[in-house]
Amino acid sequence: MWPFAIVLTFILGAFVTAVYFLEVRVRDRALADRVAAVSTLVDQKLSKDTNLMQAVLRTMMGNHAVESAFARLDRDALIREVGPLFETLRADHRITHLYFNGPDQVNVLRLHSLDRYGDLIDRTTMTKARDQGLAMHGLELGSLGTLTLRLVTPWQGRKGLLGYVEIGEEIEHLVDEIRDSLSVDLFVMVDKRFLLPQQWQHGLTLLKRQGNWNRFGSRVMVAQTTGQVPFALNDDVLTNLSSGSTEVFSDGDRALHLAMLPLIDAGGRRIGDLVVMRDISALQQTFLRSIMTVTLLSLLAGAVALGLFYFSLDRVERDYRRQHDLEHQLLRLGTEHQRILQIEKLSALGTMVGEIAHQLNNPLVGVVNLAQLASREADDPHRTRELLKEIRRAGEDCHSFIQSMLRFSKVSSFESRPTPMAQVIEETVLLFRQTESRQLPVETRLPEQAVVLTVDPILIRHALFNLLINAAQATVGEGAIVIALDRALNPDSGNPGWLLSVTDHGKGIAPEILGKIFLPFFTTRSDGTGLGLPVVQHVALLHGGYVSASNQPEGGTQFAVWLPEDGKLLENNRSDQLGHGA
Ligand SMILES: Nc1ncnc2c1ncn2[C@@H]1O[C@H](COP(=O)(O)OP(=O)(O)OP(=O)(O)O)[C@@H](O)[C@H]1O
Ligand SMILES: [Mg+2]
């Protein structure tokens, strides 16, 4: 029972663990998908805004009035021509910057800050556009900590390079849009190496923002979609996230899952990171509930399996015990049976010895007494002759007893051959008629076809003769003796054979002695030896058959010897078979 319980517990444990890890994988995969979606959405939005800015610049550069104003570096004319357009772009499309720079990169006009000009612009997008003579765009970090998407394009006039036009937008609104689309919170972190604390602080005041330079070691948060920055979000967590792994922790009653995307500027530098945070409280609850359900169901299944196993084991054990007890009882019964057989054999032997002694003792005592009488009366020749006659009769009795004993022992030797049964029966009846003085009628009922069985004819005749003599001895009046031969199956084995029966109309056999008549020396007649029926039984067994006795309802007895059709004889264990009942 215990090994099974341990194995079952192990299997259930493995199952629950497997389910747990499967769920964790599903959860991680869901966040990874969300992070990938954030990355795609950021790229899409940046490229869409870049396209818009490109379209604006192209339209503007097609305007001759603007072109001639820029060619003359006429600030007032430019403000007049482009000012309204910039105001519309700022109001409707969040465009925050629009610059005109001369061919020497010196700023001519900042439409978003009219009083600042004349300074050299050497930001990456500017220098790249100058070097490659093409429009360049990308993210750039301002000194105040603002992230700006810029597009700089060289303006080729009819008389050569007029200068550079630069348009840009601060991208803070992007994180809010992404939060709305993907239901994740975002924190924009900038590497402190790219900022000066004083300028950043100045930016906070200027842009009316809140922030804490010292909240993180190497990074500073410049934008966020939620004011609830988790307490557990610290430098260690950020370091882990930047290596590409994800983090799960709880913040109050919230379960949070975090990942990170790098922020690359127009010059290809990693200027900071975008921390993606997903509130997985509901997911975690479902996850816990499903794990608990799986565990409970597994435990239940395990308990049921264990119960069933225990029940079956108990039944098997009970069956085994019952069988074991039965086998034990059978063995005991077998031993007892053997002992009883042994006792029976011994008692039969005792009876036999007693009978033999008794049968021989009576005539011998007579011989001794008669001999004494004869010696006393030796002078009376007549009396002496009479006594000698008696002595001779006693001797003859002993002789005939010993003869019948010898006949009985001779039965053990036999020789079988195909024998026509009708002939054997006829010869036996003839012999019987010569012996039987009363000339009782004998009737034979034989089948029409000749029955030839492989038997020893002498033994069969001997057995049939014994049965006829017994029948005659039992018959008081004139009742006929009937000999019949009928086809019959062996009731035990079902083998085909023949039943040779002798039926008389005599006194029948008393029920109390019916079980003893086949025992050697059992007799109810004063001059009987009790060996007739044992001989019949022995002959039947030698031929692989049996003998049975039964009282007839109308009075009288029937003895029937069953002989097999194929006539196989029992070759061994003859003496044992003599001792068994029919
Ligand atoms: N046909 C029968 N009708 C009634 N009783 C019978 C019949 N045949 C046998 N018996 C009974 O069975 C006993 C045993 O018979 P069995 O032939 O063995 O011995 P027996 O006839 O007594 O002596 P033996 O045959 O040696 O002269 C008989 O003494 C008799 O009581
Ligand atoms: Mg007899």
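**Exercise 1. Find how many cavities of 30 Å³ or more the structure holds, and how much space lies in the largest one.**

Step 1: The structure holds two cavities of 30 Å³ or more. A cavity here is a set of points, on a 1 Å grid over the protein atoms alone, where a 1.4 Å probe fits but cannot get out. Volume means the space filled by probe spheres set on those points, with grid points joined across faces, edges and corners.

Step 2: The largest cavity has about 160 Å³ of space. Its lining has 17 residues, and the closest to the centre are Leu147, Ile171, Glu172, Val175 and Val188. To count as lining, a residue needs an atom within 4 Å of a point.

A quick note before you go on: this is a predicted model, where local features need pLDDT of at least 70 and side-chain atom pairs count only at pLDDT 80 or more, while totals for chains, interfaces and linings use all residues. Residues are numbered from 1 along each chain as its sequence is written, chains are lettered from A and ligands numbered from 1 in the order written, and side-chain values use heavy atoms, leaving out hydrogens and water.

**Exercise 2. Work out which helix gives the most to the lining of the largest cavity, and how that lining divides by residue type.**

Step 1: Helix H5 (172–182) and strand E7 (219–224) each supply at least two lining residues. Helices (H or I, at least four residues) and strands (E, at least two) are DSSP runs, numbered from the N terminus.

Step 2: H5 gives the most, with four residues.

Step 3: By type, you get twelve nonpolar, two polar and three charged. Nonpolar covers Ala, Val, Leu, Ile, Met, Phe, Trp, Tyr, Cys and Pro; charged covers Asp, Glu, Lys and Arg; the others, Gly among them, are polar.

**Exercise 3. Now do the second largest cavity: what lines it?**

Step 1: This one has about 60 Å³ of space.

Step 2: Its lining is Ile460, Ala463, Leu464, Leu467, Leu500, Val536, Val539, Ala540 and Val561. That makes nine nonpolar, no polar and no charged.

**Exercise 4. Decide whether lysine 45 is buried or exposed.**

Step 1: Locate lysine 45 in helix H1 (residues 2–61).

Step 2: Lysine 45 counts as buried because its relative accessibility is 17%; buried means under 20% relative accessible area, exposed over 50%, partly exposed in between (1.4 Å probe, protein chains only).

Step 3: Leaving aside neighbours within four places in sequence, lysine 45 is in contact (heavy atoms within 4.5 Å) with Leu174 and Glu177.

Definitions and conventions. On a 1 Å grid over the protein atoms alone, a cavity is a set of points where a 1.4 Å probe fits but cannot get out, and a pocket is an open set with protein on both sides within 12 Å along at least five of seven lines; lining residues have an atom within 4 Å of a point.
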